[in-house]
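Trainee: I would like to learn how to read a model like this one. Could you take me through it feature by feature?

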Amino acid sequence: MTPDPLVLERHGLKPDEYQRIVDALKREPTLTELGIFSVMWSEHCSYKSSRVHLRTLPTTGPRVLQGPGENAGAVDIGDGLAAVFKIESHNHPSFIEPYQGAATGVGGIIRDIFTMGARPIALLNSLRFGSLDDPLVRRTFAGVVAGIAGYGNSIGIPTVGGEVGFDESYTGNPLVNVFCLGIAKAADIIKGVASGAGNAVYYVGAKTGRDGIHGATMASAEFDDKSAEKRPAVQVGDPFMEKLLLEACLEVMKTDALIGIQDMGAAGLTCSTSEMGSRGGAGVEIDVSLVPQRESGMTPYEIMLSESQERMLMVVKRGREAEVEQIFEKWDLHAVRVGEVTTDGKLRVKNRGEVVAEIPNGALTDEAPVYRRPMAEPAYLKEVQQLSFASLGKPAAPAEVFRRLLASPTIASKRWVYRQYDHMVRTNTLVMPGMGAGVVRVKGTNRALAMSVDCNGRFVYLDPFAGAQLAVAEAARNVACAGGVPIGATNCLNFGNPERPEIMWQFAKAVEGMGAACRALDIPITGGNVSLYNETEGRGVLPTPVLGVVGLIEEADTVVRRAFQAAGDVVIMLGDTRDELGGSEYLKVMHGLIRGVPPALDLGREAALHRVLIEGAATGMIRSAQDCSEGGFAVTLAECCIGTGLGADVEMPGVASVTPGLGDIATLFSESASRVIVSVVAGREADLLGLAAREGVSARRIGLVCGSRIRVAIDGRKVLDEPLNEAEQIWATAIERYLEPARAIA
Amino acid sequence: MKFAVVVFPGSNSDHDAQYAAERVLGQQAEFIWHKDTSLRGADAVILPGGFAHGDYLRTGAIARFSPIMDAVRKFAEAGGPVLGICNGFQVLLEAGMLPGAMLRNRGVKFVCEHVIVKVEQTDTPFTLACHPGQTLRIPIAHGEGNYYAEPDVIARLEKNRQIIFRYTNAAGVPTDESNPNGSVANIAGLCNERRNVVGLMPHPERACELAVGSADGLVVLESVVRAVKGGRGAFSEDTFDLMTSTRESVLGK
C-alpha cells in the first residue's frame, strides 16, 4: 500500500524513509507507529544529518565520567564529585511563543541534569536576536528573557552568566541556548537505562495533554509565513511542578531503588521508552490507558507523541516500588506504574491491553537513518572574504568609534537582562553576571567551577572552520581568565537547513574546526545538541556553533574577575594585536558589513596563554583579567574600568595596517585572538612577565590603573581620552534605551 | 541554638538559610516540612524565600493553609522569634501575622540585585546586634515586593516603630531612586506589634560571606542567636531589656 503523500508530509517523512519503516517492521505501520517513527527519526531526535560529523569530536579524557549519549555529560572534579552539564537549544518554540518557548527550554535542560542524579546549581544562556530597532525583535527579546527568568527564578537555580548577541540574520530565528550544570556524587550518577525483565516502569509528574505534539518535528523544519499556526506545538511550562519533581527525584535517587530514569522531553513517552530500552538492551511495554491524562479522549498516538512538560519515566527495582511511591506522595506527586521491562528488545504500546504499536527499539534509535548529506562550499564565501577599506572612506575618529561600539547592544551591558534573573539563590555565585565568566563555588569543598558560553557567528559565517575554532578558544579563554582549568565542554550547533549543501558544508567545517580546537586545548566535549533548520523563507541564521566550557578552580578564593582592583596597579597586555578587522564589531557597527577573514588563531599560543592565566590566578599575581573579543582592545579596556570606577592610562604600540590611515583603528578595534588585559600589583609585574616569557606568551606593560578617565596613546600620540563615567553611562544604558526609553533617559 | 527552616513545596532559599545558620553561624538548623505540625523545639523559625505552591494564586496565599502554620502561629503568640524572608514575608502577610500586602514591582519585572537597606529599629530579635541607622548591602530577588498598606495602617506602623528596614541610598536616605519596587514609604521590612515576628523582602541569608558579594546580612541572623542566648524560651518584654544590654556589651555603646 502506498501511503497518502499528505500523511507523510505532515509527519516530516520522505517516501524512502517510509519504505525503511516497512522494511524494519516487515509490514505497514499503524498510524501510532508512523507517529512514533516520525518523531524518533526527526532531525531533532535522530541527529540524522549531523551524526556522521559529530562522531569526529573528541569526547574522552581522564576526567570524563560520562560522554555523549546520555541525558547529560559528566566530568570528575575531585573529592568524589562530578560536574554534570549540558547545553540545549529551544530556538524554534521561542520564536513562535517567546515566553513559554524559552521557559520550557530552561525546564528541559534542568531535567536533563537532575535525571543524572545531580543537584542543578547554575544556569547560563546564549541568546541571539535580530536588531533591537525592530519592534517584533524587541518583543521576542523581552519575552525570551522573561521566560527564562520566570522558570529559573521559580525553581531556584541561579542564572549566573551567558551571552546575548544581535544580528539581523536572527530576526525570524532567535537562538535560545540554555546551559545547566549540576553536582553529583561521581559514584551515584544515574543513567537512562531500562533493564531487568519484570521491573516496573513508572510515570511521574504532570499529566499528559495534547500540547507539543510533533514539537520535535516542528524543530526539524524551516519556518514560513504559516509558522504562527504552529503555536499549539509549543508546550507550556510549570516550574512549580518541576521543582517538586526535582526534589522528589533527588530524594528517590538517594534510596538506590532506581534502575534508570529519563525525562520526557522532545518526543515525550516515545523517546524515553525506546531510548531507555535501547540503552539497556531490553524491551519496554507500556499501556497508554494507564498514563495520567489531562484531557479526555486522547488517542494512543497523541499520548505517545505529547510533549507535555515536567514528566519523567523511571524503572524501579522489583520490591522497591512502595518506597518510591511513598516519596512521590510526600511531594504530592503520583508515581503511576504504566508498564514493565521485557526481554524482547521491543517498544510495545498497548491501549487497554490491545497492542497498538510494536517496534524494535533499535529501529527507532541506533538504526535510525543516518545521512551523509551533500556538501558544497557556499558561493558567498569567496566574495565576502574580500575586504577593501578603500571604498569605505576616511575612518571616523577613534573617540566616535569607541562610543558607538560601547552603545552596540552586542557589546553593551546586559544588566537589563540579568537583573531579571535570580543570580544569587543557592549562595554559590562568586562572580556576579557581567563581571566575567560565571563562577560558582562547590559547597563542601574549596573548589569552584567557572563556565562560559561563546560563539561569534560572524567569524563562523566568514570561515566556518576558523570561526568554530575561535569560539572554542574564546570560551576556554574566558574560563581561564577566572583561573579555571578547562576540563570539559558541551556544544550547541545552530545552523540553517541541512538539506542545502552549502549549509551542510558550513556545519561540517565548523564541527571539524571545533574538534581540532578542542583536541589542541585538551577539552573533551561530553554532549550537546544540534539545532538545524534555523531559517525563514530560505534565509538562514549566521552559523552559530556555541561552545560551553567548564573550568575547575582548585581554590575558590583565588577567582579572578574582570574589573581593575586598585589605582596604581600595573596594566599588562597579554598577546599580540594585529591588523585584523575582518568580521569585527567595528565593521558591523560603523559600516554595516560582515566581511573579510576572521582573526588568525594559533592554538599552541592560545593554550600557553591559558597556562599563564591559570597560574597567574592561582598564585595571586593576577588581580583582574578580561579577554579581548568584540570591540577589540579599546572596548576591553573600558570593560576593565567599568564596575570599580577606576580609570587607566596606557600606551599601545601601533599596528601597521595595509590600509593607509587605518593603523589607529586597527590598534584599538581589531579583534585579534588570544589577547587578555590583566592587572597586577606593582610588585608582581616582573613575576607575571617572567611567567609569560617562560610560556612563550608575549606580554607587555602598557600602563597603570589610575584616575577616572580612559586614556590611550599609540606610539606616544594620545588617541583616546574619555571620561569613564560617560563611557560607562553609554555602555550601561544602551539596551535599556531600546526596551524602556522613558526609564533609561530619566 | 536551633533554627527551624520551614520547607513549603516551592521554597527555594531553604538551603541558603540553613547554610547560613549552620555553616556560617555554627548553629543548628533543621528543615521542617510544611505538612509537619511541630517545630520540634526550635528556638527561632525562618520562613524562607521561594515560590511556595508556585505562587500561582497570590504569593503566599496557599502556604498559609499549610499544617505547620498553626505551630508557627502558636510559636509567635508565645513570643518566639519568627523571620519571614521574601516569600516567607509574603506568607506572613497572607497569614495575617503582619499587616499589609504585596503588589507587583512597579517596574513590572523581577529584580535581582544588591540594594541598601537601613535598619530603622534595633529592638527586635533580628536587629538587636545592629547599630541604629546602620545600612546593610543585601540582595533582593523578587517580582512582587511592592509593599502596600492603607495610609492608616502605615501611620500606625510608623507610630509603633514597626517599620524595621527601609530601602535607602548609600547615605541612609530613603529616596525614590533607592526604592527598587515601589514599596510605600520605602518599606523593606516590618515587625508585628509584639516585635517578635519580622518580615523583609531582601535576603540577609544570601549576604553572609564576602565571597558571595556581601556579609552584611549576617548581623540579622547573629541578632537572633544573641536574642535566644540572652533569654531562652518565650520572648517577653523583659528579654528586650536583656537583649539591649547584650547588644551593648557585645558592640559597645
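**Reading the core, the elements and the chains**

Mentor: Let us start inside. The largest nonpolar core has 330 residues, and those with the most contacts inside it are A:Ala83, A:Val84, A:Leu181, A:Leu449, A:Val472, A:Leu637 and B:Val45. Helix α19 (residues 464-481) of chain A gives the most to this core, with 11 residues. This is a predicted model, in which local features need pLDDT of at least 70 and side-chain atom pairs count only at pLDDT 80 or more, while totals for chains, interfaces and linings use all residues. Residues are numbered from 1 along each chain as its sequence is written, with chains lettered from A and ligands numbered from 1 in the order in which they are written.

Trainee: What is a nonpolar core here?

Mentor: In soluble globular proteins, nonpolar side chains tend to be buried together. A nonpolar core is a set of buried Ala, Val, Leu, Ile, Met, Phe, Trp, Tyr and Cys residues joined through C-beta atoms within 7 Å. Buried means that 20 or more other C-beta atoms lie within 10 Å of a residue's own; 12 or fewer make it exposed, anything in between partly exposed, and C-beta atoms are placed from the backbone.

Trainee: Which residues is A:Val472 in contact with, leaving aside its neighbours within four places in sequence?

Mentor: A contact needs C-beta atoms, placed from the backbone, within 7 Å. For A:Val472 the partners are A:Met514, A:Ala517, A:Cys518, A:Leu521 and A:Leu547.

Trainee: How many residues of helix α3 (residues 87-94) of chain B are buried?

Mentor: Eight of the eight are buried, so α3(B) is largely enclosed by the rest of the structure. These buried residues pack against β3 (44-47), β4 (82-85), β5 (101-103) and β11 (197-200) of chain B. Just after α3(B), B:Gly96 takes a positive phi of about 75 degrees.

Trainee: How many residues does each chain bring to the contact between A and B?

Mentor: Chain B brings 23 residues and chain A 25. On the side of chain B that touches chain A, α1 (14-24), β6 (111-119) and β7 (135-142) each supply at least two residues.

Trainee: And what does each chain look like overall?

Mentor: Chain B has six helices and 11 strands. Its radius of gyration is 16 Å, close to the 18 Å that the globule rule gives for 253 residues, so chain B is as compact as a globular protein of that length. That radius is taken over C-alpha atoms, and the rule is 2.2 Å times the number of residues to the power 0.38. Chain A comes to 27 helices and 28 strands, and buried residues make up 63% of its 746 residues.

Notes:
Helices (H or I, at least four residues) and strands (E, at least two) are DSSP runs, numbered from the N terminus. Two residues are in contact if their C-beta atoms, placed from the backbone, lie within 7 Å.
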